[in-house]
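Dear colleague,

Please find below the structure that I am handing over to you.

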Number of protein chains: 2
Amino acid sequence: MPTIDERILLRGDENVKERAIPEATVARLPLYLRSLVEMTERGTTTVSSEGLATAAGVNSAKVRKDLSYLGSYGTRGVGYDVEYLIYQISRELGLTQDWNCVIVGIGNLGRALANYRGFGSRGFRVVALLDVDPVKIGTYVDDLLIEDFDEVERIVKERRASIGIVTTTGSAAQGAADRLVASGVKSILNFAPTVLQVPEEVSLRKVDLSIELQILSFYEQRKAALEGVLRGGRLTASASKSTRP
Amino acid sequence: MPTIDERILLRGDENVKERAIPEATVARLPLYLRSLVEMTERGTTTVSSEGLATAAGVNSAKVRKDLSYLGSYGTRGVGYDVEYLIYQISRELGLTQDWNCVIVGIGNLGRALANYRGFGSRGFRVVALLDVDPVKIGTYVDDLLIEDFDEVERIVKERRASIGIVTTTGSAAQGAADRLVASGVKSILNFAPTVLQVPEEVSLRKVDLSIELQILSFYEQRKAALEGVLRGGRLTASASKSTRP
DNA sequence: ATTTGTGAATCGGTTCACAGCG
DNA sequence: CGCTGTGAACCGATTCACAAAT
């Protein structure tokens, strides 16, 4: 009911907690955003929760609930205006501004991330590559110079970096994170296979490749185990329960 | 109370649902495993739920609940035997066998994953690198040959690959996944920035770098917004509420 | 004395189902 | 009439708190 006006009022209101958006919703907004951008590229101007759900690989109730946390941006009987939703989600995600990132640890992964197109695309700008290895320092990845990690404080401040991407070895990661935090970095994305400790005002997310594989391994193994049991003929009694007419 | 004996009985039992381990627990087991391995390397033989919790960056109640799904492997008043826990978690995760992986799409990321030490470490063996680019086909990454993706069916079967790692562009990913599934791959780890559709018997996990950054951006932005409001002096009334004596 | 293992309470998130609105 | 927005019901996961075990 109270669309634009309430939105503005809320922004200027003295109510701090405002509309607290659930973490799970925050994690899905980028997914919706990507689907919506693809839609505009294909010329779609309006989309229903059902349509967006299909594109994003979730269900429509979730889409509606999620979007309702941002405000009432849909039109009943019609759907959502794609362009307008893109704007609202972008704003909510803080993508209307650029974020400067530094990558620490320029091994294979750091190198890959350094020239990963798709970072740049949505306002993430790699402003420094840092490493401790004198052999690497002074060389280039793409057109980005690898600089001495020892200079991290100066570099982070000078270039207003707020996001640190850690792609060091596991053992170097905590030290790297500590220095990044000391330099004023407010968010860290950790690819190193270790649990990082950061002050609570610093946001931390992690991506662990080998853990992902181990999770797949679990389900794979469970499938195999179940099949083994079934083939072994042990389940005849309870299996008959699942027999369909 | 019923430790080893019940464990064995359960394994051979006709009860299918057995001990269904919650997804959230499965996702943490690799974390515990890594901490435990580090502990043996440092010579620790016994650990309490509290100790493991600290190492893995979770709380001790969670550790106890999680481990209780695997069985009663701890000793009250003492803790868990590190070596034994490693064995049990490894077995549960299916890490007592090797898993063969193929990587599809040998760009920067595919290349980085191809020579990522840490895959190999825990029983994941990269058995093929596949791409469609004739310029890449026939060249090597480390000592692994890049082969024609068109051969995926033959290669997956011959080398008994069960995990496919997709590092193609977003637009090529679904096609790659379809071919992988058709070839008999049972698990897919997707790095491409797109939502993949796979049959429900295929396990799917995804890692999306730009989504992770966007999530960080949200929290970063929210911090900045809050600070702005506070500095703007708008919160004096409610802020006084939080003043401490 | 100490630490596990686990019911019970709680929390956050998802899904349902429908009233409200264009 | 169709689709959004949202209370209510539900479900899975987390946390609490303590009895059981050694």
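How does the surface near DNA strand C divide by class into nonpolar, polar and charged residues? That surface has five nonpolar, ten polar and nine charged residues, where Ala, Val, Leu, Ile, Met, Phe, Trp, Tyr, Cys and Pro count as nonpolar, Asp, Glu, Lys and Arg as charged, and the others, Gly among them, as polar.

On conventions, this is a predicted model, in which local features need pLDDT of at least 70 and side-chain atom pairs count only at pLDDT 80 or more, whereas totals for chains, interfaces and linings use all residues. Residues are numbered from 1 along each chain as its sequence is written, chains are lettered from A and ligands numbered from 1 in the order in which they are written, and side-chain values use heavy atoms, with hydrogens and water left out.

DNA strand C

Of the 24 residues around DNA strand C, those that come nearest are A:Arg28, A:Asn59, B:Ser49, B:Arg76 and B:Tyr80; a residue is near a strand if one of its heavy atoms lies within 4 Å of it. Sugar and phosphate make up 64% of the atoms of DNA strand C that come within 4 Å of the protein. At least two residues of the surface are supplied by each of α2 and α4 of chain A, and α4 (60–70), β2 (74–75) and β3 (79–81) of chain B. Helices (H or I, at least four residues) and strands (E, at least two) are DSSP runs, numbered from the N terminus.

Chain B also makes polar contacts (pairs of N or O atoms within 3.5 Å) with the DNA:
- A polar backbone atom of B:Ser49 is 2.5 Å from a phosphate oxygen of DNA strand C.
- A polar backbone atom of B:Gly74 is 3.0 Å from a phosphate oxygen of DNA strand C.
- A polar side-chain atom of B:Lys65 lies 3.4 Å from a base oxygen of DNA strand C.

Chain A

An open sheet of seven strands in chain A has the order β6-β7-β5-β4-β8-β9-β10, with mixed pairing; two strands pair if DSSP finds at least two bridges between them. At its edges stand β6 (140–141) and β10 (203–206) of chain A, each with a single partner strand, so one side of each lacks a neighbour in the sheet. Strand β9 (residues 187–190) of chain A pairs with β10(A) in the parallel sense over four bridges, and A:Leu189 stands opposite A:Arg205 in β10(A).

Helix α2 (residues 23–41) and helix α4 (residues 60–70) of chain A pack at an angle of about 100°, with their axes 10 Å apart. Axes are lines fitted to C-alpha atoms, for helices over the stretch in contact (heavy atoms within 4.5 Å), and angles run from 0 to 180 degrees between N-to-C directions. α2(A) is therefore roughly perpendicular to α4(A), a term that covers 65 to 115 degrees. The residues of this contact comprise six nonpolar, one polar and three charged.

Chain B

In chain B, seven strands form an open sheet in the order β6-β7-β5-β4-β8-β9-β10, again with mixed pairing. Strands β4 (residues 99–104) and β8 (residues 163–166) of chain B run parallel and are joined by four bridges, with B:Val102 opposite B:Gly164 in β8(B). Helix α8 (residues 170–183) of chain B lies across β4, β8 and β9 (187–190) of chain B, at about 160° to β9(B).

Yours sincerely

Definitions and conventions
Parallel < 35°, antiparallel > 145°, perpendicular 65-115°, else oblique. Polar contact = N/O pair within 3.5 Å; in protein donor to acceptor, adjacent residues only side chain to side chain.
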